[in-house]
Amino acid sequence: MLDFSWTEDQIAFRQILRDFSKKELLPNYMKWDREEKFPFDIWGKLGTLGVTGLRVHEQYNGSSASCITTGIAAEEIGKGDFNAAYAVILNGLIGEILQEFASERIKEEWLKPMASGNCLLGIAITEPGAGSDAANLQTKAAKDGNSYILSGEKSGISFAKVAHGFVVFAKTSPDEGARGVSAFMVPRDSEGLEIQSYHDMGNVPIGRGSIFLNDVCIPGDYLIGEENKGFYQVMNGFDLSRVLIALQCLGAAEQTLEETIEHVKGRHAFGRPLAKFEGVQFPIAEHHTWLEMAKWLCYRTLWLRDKGLPHTKEASMCKWMGPYLAREAIHECLLLNGHYAYTKEMPIEQRLRDVIGLEIGDGTAQTQKIVIARELIGKEFKPY
């Protein structure tokens with residue numbers, strides 16, 4: 001028997017986040033982009049609502065929410081402010097990694113304040129020569145007594161400009177490929193750590209950039225999990241973050257579609273509302289249909305994860321189709337709103353820019369298709 005209903009708690013949580021998004025996030029969405037400012041105060045409010053610690057246990061200031069509930073948060077916050085939804089995406093990924101593998105010291109010093117909304121953490125995997133090919137990292141971590149010395153460069157890191165610390169992935173056994181990758185907690189104020197900010201097309205308040213590790217020394221118990229097991233720790237986490245990213249994008253598209261429906265009802269041409277023209281009705285109907293289909297694929301995938309069932313293929317399907325369909329819908333809405341939507345007086349152009357960024361983040365469409373094909377056809381036929 002299938003059951004597509006939410007629990008009473010999920011319905012109440014959705015409504016709380018929907019109200020918060022409309023009152024606190026949506027009115028400031030464009031403001032934070034124009035000012036290139038990260039909204040630290042909003043992060044604290046999201047912490048009070050429990051959003052920043054959804055995938056963290058209560059003992060570490062989280063709420064132990066299900067993956068489905070976490071998806072609801074990504075979708076609803078994405079409607080109000082696309083960039084604020086990073087509180088769900090990154091905290092969900094990092095929270096699971098730290099909670100399962102980190103030392104008690106890291107959990108007390110970093111996981112607890114992150115879950116409360118008082119600390120921003122970034123995850124540093126991507127490098128100039130290793131994006132989706134995460135097993136080919138060049139950053140190295142060498143054991144030095146009771147410490148590790150990290151050297152290398154990380155690029156395209158979300159929160160690079162504003163994070164208090166980073167979960168950094170580096171090679172501890174350089175000749176072992178994926179089997180030689182380890183994860184470390186690296187504070188922002190570590191000696192030898194330098195940061196260079198980007199001027200991105202979208203996701204501006206997130207403050208992406210490069211991180212340079214110039215013989216950064218960190219304590220031995222800042223190793224996360226076992227040495228040489230870091231690659232496998234993060235790969236499982238991506239199966240969650242990829243679905244949350246899709247819902248974040250779909251939420252932004254849903255909000256844009258709602259705004260566009262109101263616009264075409266009120267805007268007149270040739271003596272009648274635009275909403276009466278089939279050339280306007282049909283694309284709205286088509287995009288709503290695609291968005292609904294993608295959304296329910298996402299929630300089914302989160303259900304699989306909650307049940308402990310395989311979902312790698314489904315997660316990549318979500319990550320491929322969610323941002324793509326959202327981008328197509330937002331683009332169509334921009335056209336239906338006319339030339340005003342092409343200006344920075346309306347949020348549509350910003351949502352388009354923001355969504356495009358997450359067609360890249362956590363693996364491009366091409367990478368997702370490789371994963372899907374591998375799961376369908378067999379690992380022995382993967383192209384690398």
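Predicted model: local features only at pLDDT ≥ 70, side-chain atom pairs only at ≥ 80, totals over all residues.
**Entry 1: α8 against α9**

I began with helix α8 (residues 278-306) and helix α9 (residues 312-337), which pack at an angle of about 155 degrees with their axes 9 Å apart. Helices here are DSSP runs of H or I with at least four residues, numbered from the N terminus. Axes are lines fitted to C-alpha atoms, for helices over the stretch in contact, and the angles between N-to-C directions run from 0 to 180 degrees. α8 and α9 are therefore roughly antiparallel to each other; angles over 145 degrees count as such, under 35 as roughly parallel, 65 to 115 as roughly perpendicular and the rest as oblique. I noted a left-handed crossing for α8 and α9, that is, the near helix is turned anticlockwise from the far one by less than a right angle.

I then listed who makes the contact (heavy atoms within 4.5 Å). From α8 the residues include H287, W290 and L291, and from α9 they include M317, C318 and L325. By class, the contact of α8 with α9 has 16 nonpolar, two polar and four charged residues. Ala, Val, Leu, Ile, Met, Phe, Trp, Tyr, Cys and Pro count as nonpolar, Asp, Glu, Lys and Arg as charged, and the others, Gly among them, as polar.

Residues are numbered from 1 along each chain as its sequence is written, and side-chain values use heavy atoms, with hydrogens and water left out.

**Entry 2: K319 in α9**

Is K319 buried or exposed? I found K319 in helix α9, and K319 is buried, with a relative accessible area of 2%. Buried means under 20%, exposed over 50% and partly exposed in between, with a 1.4 Å probe and protein chains only. Leaving out residues up to four places away in sequence, K319 touches R242, I245, A246, L358, E359, I360, G361, D362, G363 and Q368.

I also looked up K369, which lies in helix α11 (residues 365-377). K369 is partly exposed, at 42% relative accessible area. From K369 to S316 I get 53 residues in sequence and 7.2 Å in space, C-alpha to C-alpha.

The largest nonpolar core has 112 residues, and I123, L150, F159 and F169 have the most contacts inside it. Such a core is a set of buried Ala, Val, Leu, Ile, Met, Phe, Trp, Tyr and Cys residues joined through side-chain atoms within 4.5 Å. I followed I123: beyond its neighbours within four places in sequence, I123 is in contact with L90, L93, I94, I97, I157, V167, F169 and V234.

Which residues of α7 meet α10? C249, A252, Q255, T256 and E259 in α7 meet I348, R351 and V355 in α10. The axes of α7 and helix α10 (residues 348-357) come within 10 Å and cross at roughly 160 degrees. That makes α7 roughly antiparallel to α10.

**Entry 3: two residues with positive phi**

Most residues other than glycine have a negative phi, so I checked the exceptions. N61 has a positive phi of about 75 degrees, and S64 has one of about 55 degrees. N61 lies in the loop between α3 (40-48) and α4 (67-80), and S64 lies in the loop between α3 and α4 too. N61 is partly exposed at 39% relative accessible area, and S64 is partly exposed at 33%.

Conventions:
Helix = DSSP H or I, 4+ residues; strand = E, 2+ residues; numbered from the N terminus.
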